[in-house]
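This report describes a two-chain structure that is shown below. The model is predicted, not experimental.

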Amino acid sequence: MKRLMKGNEALARAAILGGLDAFFGYPITPQNEIPEYLSKHLPEAGKVFVQAESEIAAINMVYGAAAAGVRALTSSSSPGIALMQEGISYLCGAELPCVIINVMRGGPGLGGIQPSQADYFQITRGGGNGDYRVLSFAPENLQEAVDLMREAFDIADAYRNPVMIAVDGLIGQMMETVDLDWEVPKRVLPEKDWAVDGKSTRRTRRIVNSLYLDPAELERHNLKLLEKYRKMEAKEQRYEIANMDGAEFAIVAYGTMARIARSSIELLEETGVKTGLIKPISLWPFPKKAFENLPESLRGLLVAELSLGQMIDDVRIVNQGRLPVRFFGRTGGILPEPEEIGEAVLRLKEEVA
Amino acid sequence: MNEIVYRKSKGLTAAPLSYCPGCTHGIVHKLVAEALVELGVLEKAVGIASVGCSVLSYNFFNCDMVQAAHGRACAVATGIKRARPEAVVFSYQGDGDLASIGIAETIHAANRGENLTVIFINNAIYGMTGGQMAPTTLIGQKTTTSPQGRDKTLHGLPIRIAEIFSEIPRAVHVERVSVHNPRAVRNAKKAILKAFRNQIEGKGFSLVEVLSTCPVNWGMTPVQALEWVEREMMRYYPVKVFRDGEDYEKA
């Protein structure tokens, strides 16, 4: 059954459907409807809801609950996610699964509260220390958001790694119809034989840790993590390609920007410029596969972001100089009109003529 | 016939302790381990190792252990205890971890009345990093970052953690103890036992502050260090019970 829901509430509902056991978070705009929804519905279901004293405490509570073997969630927005970076590094180092919802707003600093995608670097490169990666997914609309959220705990558990669902403030705040009933893919998961669950029936004690003082041991640990990250790169790339047959240009955009780009593509079609869409859904691993079999007809890529140019670095790495790559971006919480992106494609067309 | 009159607690692993000679961490480890065994909860205990000298305590306590980021032990403990209320959860934190970087997490865990046991080691210095000033360093005490001695006009006065926590109604048990002589050790054991018993009985947050030594970074022999605890530390940090199961509902 389809129902009309606000983005943040739909995400919160989807988290419960995904098996959420414990939520820890700290209020920040524009994601407050997530903790508000969960503060009512989790205790009703006998599950854990704690409003932490800070984002730093919240992510470390998640670390504790995840270590204890339950499905733990936090949600925040850009500056709050910045505060969580240390905890995310520890979660990756200690191989603890959890889900983090990031409803992005403008920066740097306190920035603003309007939609933004200026945290692509923060999400895909991370601000924590050490060699680590966070599986991150950026849905374009509410249906995609709730589907990813319902799957997210399984993905996190499969890899013993944090998963981030990154939406911008627009997706968090808007209302759309969503279907929460259909079956999302389920994974066969190993038992959490590493969890410190307070069970007195076990014989061997368990340790959750990210400290390896012996350099050789730390290198071995990092190589083991690398093997996991390689597996994620092979198996978890997600993307959508649209309107690509015979396309002259392609717009590379994710999240809200992909949604706007679809309208730009229609406008361009009317002027006779056939334009395709490459929409990354996984931000890390970056969907390199999406760029593997592009049509011969393509003459250039336009990367469109709600930032001053971050994902474009990954597009350039994947493109390896084959096609001209240009950028269009708005920032500060400004959403472009479809015409603005269309004009950027037309400028690219003139440039390559 | 020989008779065993004393043996290492089952609550400790066979791993040799990594602490310096004369450091009293070892005594406190023993007391915590004995308390877990005597209360019959070793098998369902989860300890939080914090950052500092006791970071490797996950190798020593013979129960499930989680290593936490610097200062975050009480947040991690909250996550574990809320997820697994049947577990007996304790943190073991030094003065840098608890009284400096982690004071917010500790105060809020106490204020929420988290059903936890916190063992707080106050040795008035940063040991692991080589003897820098701690929030608990005494006035006039020389450290590698207060070479002229702690000066209240520059560094403020040493923080009295037990006194601060005694103002938090939902901290049901707050006590400061010492381990500088056998009688003090026996008293510390009682306090630690009580702090765990409170958790088992669901009473709420207990904090035991243990005055501890750091002979290496204090530049003293182990005996001088024990004397310094009694002569200097106990004057500023009185050993006493600050809160003991008071009815916080009335607060």
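## Domains of chain A

Chain A is assigned two domains: domain 1 covers 2-191 + 206-235, and domain 2 covers 239-352. Taken over C-alpha atoms, the centres of domain 1 of chain A and domain 2 of chain A are separated by 27 Å. Their contact involves 27 residues of domain 1 of chain A and 21 residues of domain 2 of chain A.

On the domain 1 side of this contact, at least two residues each are supplied by helix H6 (120-124), S6, S7, helix H8 (169-173) and helix H9 (215-235) of chain A. H6(A) gives the largest share of that side, four residues. By residue class, the side of domain 1 of chain A that touches domain 2 of chain A divides into 15 nonpolar, eight polar and four charged residues.

## The seven-stranded sheet of chain A

Seven strands of chain A make an open sheet with mixed pairing, in the order S3-S2-S4-S5-S7-S6-S13. Its edges are strand S3 (48-51) and strand S13 (282-284) of chain A, each of which pairs on one side only. From one strand to the next, the twist averages 20 degrees.

Within this order, strand S6 (residues 135-137) of chain A and strand S7 (residues 162-168) of chain A are paired in the parallel sense, over three bridges. Opposite Phe137(A) stands Ile165(A), a residue of S7(A).

## Helices of chain A

Helix H1 (residues 7-17) of chain A is mostly covered, with nine of its 11 residues buried. Among them are Gly7(A), Asn8(A), Ala10(A), Leu11(A) and Arg13(A). Gly69(A) follows H3(A) and has a positive phi, near 95 degrees.

H9(A) is a helix of 21 residues that reaches 30 Å from its first C-alpha to its last, close to the 30 Å expected at 1.5 Å a residue. The number of buried residues among the 21 of H9(A) is zero, so H9(A) lies largely in the open.

Met175(A) lies in strand S8 (residues 175-179) of chain A. Met175(A) is exposed, because 12 other C-beta atoms lie within 10 Å and a residue counts as exposed at 12 or fewer.

Leaving aside residues up to four places away in sequence, Met175(A) touches Leu4(A), Met5(A) and Lys6(A). Ala10(A) is one of the buried residues of H1(A).

A second open sheet has eight strands in the order S9(A)-S2(B)-S1(B)-S3(B)-S4(B)-S6(B)-S5(B)-S7(B), with mixed pairing. S9 of chain A and strand S7 (240-244) of chain B are the edge strands, each pairing on one side only. Two bridges join strand S9 (residues 207-208) of chain A to S2(B), and these two strands run parallel. Val208(A) has Val66(B) as its bridge partner in S2(B).

Strand S1 (residues 45-49) of chain B and strand S3 (residues 88-94) of chain B also pair in the parallel sense, over five bridges. The bridge partner of Gly47(B) in S3(B) is Phe90(B). H2(B) packs on the sheet, where it touches S1, S2, S3 and strand S4 (117-122) of chain B, and its direction makes about 175 degrees with that of S3(B).

## Contact between the chains

The contact draws 35 residues from chain A and 28 residues from chain B. On the side of chain B, strand S2 (64-67), helix H2 (73-83) and helix H4 (103-111) each supply at least two residues. H2(B) provides the largest share of that side, eight residues. The residues of the side of chain B that touches chain A comprise 15 nonpolar, five polar and eight charged.

Terms used
Residues numbered from 1 in each chain as written. Chains lettered and ligands numbered in written order. Predicted model: local features only at pLDDT ≥ 70, side-chain atom pairs only at ≥ 80, totals over all residues. Contact = placed C-beta atoms within 7 Å. Nonpolar A, V, L, I, M, F, W, Y, C, P; charged D, E, K, R; others polar. Pairing = 2+ DSSP bridges. Axes fitted to C-alpha atoms, helices over the stretch in contact; angles between N-to-C directions. Domains from an automatic or database assignment. Expected span 1.5 Å × (residues − 1). Buried ≥ 20, exposed ≤ 12 C-beta atoms within 10 Å, placed from the backbone.
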